[in-house]
Amino acid sequence: MLLQQKQEGDVINYKSNIQEKSEIYMAELLVKDLPVCNRFEEKIMRFEYTDGCNKDFIELCHELDSFLNEIVGGEENRKEYIPYNRLDYIHDVIMAYDNDLPAGCASFKRYNAVCAEVKRVFLRKEYRGKGISKEMMKMLEERGRQKGFLYFILESGEPLVAAMALYRKTGYNVIPNYGQYRGMDKSVCMKKKL
């Protein structure tokens, strides 16, 4: 693909081939100051829509779990959440790539006829603070609208400072805890109209 005088934050969308019954959409985002061989320079991030069976998505979900375990002091301190983070019903995923290296992911699954639940949002540490997660959320929301959803809901928590800031900055508002998160005091549930 030709890159013509892009500005930071510019996104180019195009549809690629349909591969293995899964539509793959791609976009590029010019990001400045990503580390490359111990120096910083501009990089092009690639975004792809895929599904919950994607091996890179699964790998990043394992990294997300390790990150969450570290924040809360071990897996035993988040065991009640683990059943709600399974990948079984996740069919819509956005992946961010630095060349072929998976850098981040975000996904959603159907909650009801009009609402989908955002799941497994994660960006590797070296890519944070560059607008990549905001772009992933924007693309995820567009995918949700295309699928006919009117709202996104999600569950997070105050210890996840960067995630909470991202959700607030992108228009999510705190709501009473829903579904399985009712009665879980450490959960913060949020909602956004798409």
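1. A word on contact before anything else: here it means heavy atoms within 4.5 Å. With that in hand, look at Arg 124, which touches Glu 59, Leu 60, Glu 63, Leu 101, Pro 102 and Ala 103, leaving aside its neighbours within four places in sequence. Arg 124 sits in the loop between strand 6 (115-123) and helix 2 (132-146). Helices (H or I, at least four residues) and strands (E, at least two) are DSSP runs, numbered from the N terminus. Arg 124 is buried, at a relative accessible area of 9%, where buried is under 20%, exposed is over 50% and partly exposed lies in between, with a 1.4 Å probe and protein chains only.

2. Some ground rules. This is a predicted model, in which local features need pLDDT of at least 70 and side-chain atom pairs count only at pLDDT 80 or more, while totals for chains, interfaces and linings use all residues. Residues are numbered from 1 along each chain as its sequence is written, and side-chain values use heavy atoms, with hydrogens and water left out.

3. Now the overall layout. The chain has three helices and nine strands, and from the N terminus on they run β-β-β-α-β-β-β-α-β-α-β-β. Of its 194 residues, 46% count as buried. Among contacts between residues at least 6 apart in sequence, 57% join residues at least 24 apart.

4. Next, strand 4 (92-98). Seven of its seven residues are buried, so strand 4 is largely enclosed by the rest of the structure. Asp 92, Ile 94, Ala 96 and Asp 98 are buried on one side, and Val 93, Met 95 and Tyr 97 on the other, so to speak covering both faces. Strand 4 runs antiparallel to strand 5, joined by seven bridges; two strands pair if DSSP finds at least two bridges between them. Asp 98 is placed opposite Leu 101 of strand 5. The two strands make a hairpin with two residues between them, and Asn 99 in that turn has a positive phi of about 55°.

5. Asp 56, Phe 57, Leu 60, Cys 61, Leu 64, Leu 68 and Asn 69 are its buried residues, and they pack against strand 4, strand 5 (101-110) and strand 6.

6. What about helix 2? The C-alpha atoms of Glu 135 and Phe 47 are separated by 9.1 Å, though the two are 88 residues apart along the chain. Just after helix 2, Gly 148 takes a positive phi of about 95°.

7. Strand 7 pairs with strand 9 in the antiparallel sense over six bridges, with Met 190 as the bridge partner of Leu 154. Strand 8 (residues 173-175) is also antiparallel to strand 9, through three bridges, and Ile 175 stands opposite Cys 189.

8. Glu 158 lies in the loop between strand 7 and helix 3. Is this residue buried or partly exposed? At 43% relative accessibility, Glu 158 counts as partly exposed. Leaving aside neighbours within four places in sequence, Glu 158 is in contact with Met 164, Arg 168 and Val 188. Its C-alpha is separated by 7.7 Å from that of Lys 186, 28 residues apart along the chain.

9. Finally, the largest pocket. A pocket, on a 1 Å grid over the protein atoms alone, is an open set of points where a 1.4 Å probe fits, with protein on both sides within 12 Å along at least five of seven lines; lining residues have an atom within 4 Å of a point. About 1,000 Å³ of space lies in the largest pocket, a volume being the space filled by probe spheres set on the points, which are joined across faces, edges and corners. The largest pocket is lined by 38 residues, with Leu 68, Val 121, Ser 156, Leu 160 and Ala 163 nearest its centre. Helix 1 (55-72), strand 6, helix 2, strand 7 (151-156) and helix 3 (161-169) each supply at least two lining residues. The lining divides into 21 nonpolar, seven polar and 10 charged residues; Ala, Val, Leu, Ile, Met, Phe, Trp, Tyr, Cys and Pro count as nonpolar, Asp, Glu, Lys and Arg as charged, and the others, Gly among them, as polar.
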